[in-house]
Amino acid sequence: TMKRLMILMALFFAVTPAAASPKDAKTEASKASVTKLVPFGVTIGDQLPTGFGKKHRCKRATQGMFCETLPKTVAGIDDYIVMFEGDLVLGIVALGQIDDDAYGTKSREKFAALRKALGAKYGEPKVDNDYLRPGSIWSEPQYWRMSMLKNERRLNSVWEYEGHRILLEVKARQGQWLQLKLAYAKVDLLEKAVKKDEAAKASAL
């Protein structure tokens, strides 16, 4: 449950959208009601078809499934997490370990390629982060990977698309390796799930 909350919070707080006018909000609500995203061949906001878990070698966890594959896959992705709110697909998190050099060559190339592909489909991202913490000692090009492992560098982009949020990022895992993350979520289900998980956490105190 805590792992699910951490994933949800990362998606929820990745970007704070500007407040929409009543007209804009109505327009977005109308779009969201008819627009469906189908990343990796899975429709977000719908129920999964019968037999999906067995077909794609999924293991059920608390309000989610860890899957070895999905109907459509992306090169460089090792694991897929399908997350639920009730019996509906809240979102999908795709993860891939990157065996990189000191300069972060593969990380930057993979990120740039996916950012370009996502931009062609969903437009310019709402947020782009590519920065190093001021004063970091890992500022030279040959320390790019190390600056990531020390959590002093950020590389991510976030899209807001017709009621959905899309997050692309490279980040450190356990201070030992780099990981590519591509996540999709339906915003209304995401907000509902975050509030529910926060309430459950508070009730345990």
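**Reading a helix and its surroundings**

Mentor: Let us begin with a helix: on the face of H6 that is turned away from its buried side, the exposed residues are Lys192, Lys195 and Ser203. Here exposed means over 50% relative accessible area, buried under 20%, and partly exposed in between, with a 1.4 Å probe and protein chains only. Helices (H or I, at least four residues) and strands (E, at least two) are DSSP runs, numbered from the N terminus.

Trainee: What kind of model is this, and how are the residues numbered?

Mentor: This is a predicted model, in which local features need pLDDT of at least 70 and side-chain atom pairs count only at pLDDT 80 or more, while totals for chains, interfaces and linings use all residues. Residues are numbered from 1 along each chain as its sequence is written, and side-chain values use heavy atoms, with hydrogens and water left out.

Trainee: Which residues of H6 are buried?

Mentor: The general idea is that an α-helix has 3.6 residues a turn, so residues three or four places apart point the same way. In H6 the buried residues are Val187, Leu189, Leu190, Ala193, Val194 and Asp197. They cover an arc of only 155° around the axis, which puts them on the same side of H6; the arc is that of the directions from the helix axis to the C-beta atoms.

Trainee: How many residues does H6 have, and what span should they have?

Mentor: The expected span of a helix is 1.5 Å times one less than its number of residues. Helix H6 (residues 187-203) has 17 residues and should span 24 Å, which agrees with the 24 Å between its end C-alpha atoms.

Trainee: How many helices and strands does the protein have?

Mentor: The protein has six helices and eight strands, and from the N terminus on its elements run α-α-α-β-β-β-β-α-β-α-β-β-β-α. Of its 205 residues, 40% are buried.

Trainee: How many aromatic pairs are there?

Mentor: A pair of aromatic rings is described by the distance of the centres and the angle of the planes. Rings of Phe, Tyr and Trp (its six-membered ring) pair if their centres lie within 6.5 Å, and planes under 30 degrees apart count as stacked, over 60 as edge-to-face and the rest as tilted. The structure holds four such pairs. In one of them, phenylalanine 40 and tyrosine 184 have ring centres 5.9 Å apart and planes at 90°, so this pair is edge-to-face. The pair links distant parts of the chain, 144 residues apart, with phenylalanine 40 in the loop between helix H2 (22-34) and helix H3 (52-55) and tyrosine 184 in strand S8 (residues 177-186). Phenylalanine 40 is buried at a relative accessible area of 7%, and tyrosine 184 is buried with a value of 7%. Another pair is that of tryptophan 138 and tyrosine 143, whose centres are 5.6 Å apart with planes at 80°, so it is edge-to-face; tyrosine 143 counts as partly exposed, at 33% relative accessibility.

Trainee: Which residues form one aromatic cluster?

Mentor: Phe40, Tyr80 and Tyr184 form one aromatic cluster. Tyrosine 80 is found in strand S3 (residues 79-85) and counts as buried, at 1% relative accessibility. Its contacts (heavy atoms within 4.5 Å), leaving aside neighbours within four places in sequence, include Phe40, Met65, Phe66 and Val93.

Trainee: Which backbone atom does the side chain of tyrosine 80 reach?

Mentor: A polar contact is a pair of N or O atoms within 3.5 Å; within protein, one must be able to donate a hydrogen and the other to accept it, and residues adjacent in sequence count only if both atoms are side-chain atoms. The side chain of tyrosine 80 reaches the backbone nitrogen of valine 74 at 3.2 Å. Elsewhere, a polar side-chain atom of histidine 164 lies 3.1 Å from the backbone oxygen of glutamate 162. Histidine 164 lies in strand S7 (residues 164-173) and counts as buried, at 1% relative accessibility.

Trainee: Which residues have a positive phi without being glycine?

Mentor: Most residues other than glycine have a negative phi, and most peptide bonds are trans. Among the residues with a positive phi are phenylalanine 40, with a value near 60°, and glutamate 162, at about 45°. Glutamate 162 is found in the loop between strand S6 (153-161) and S7.
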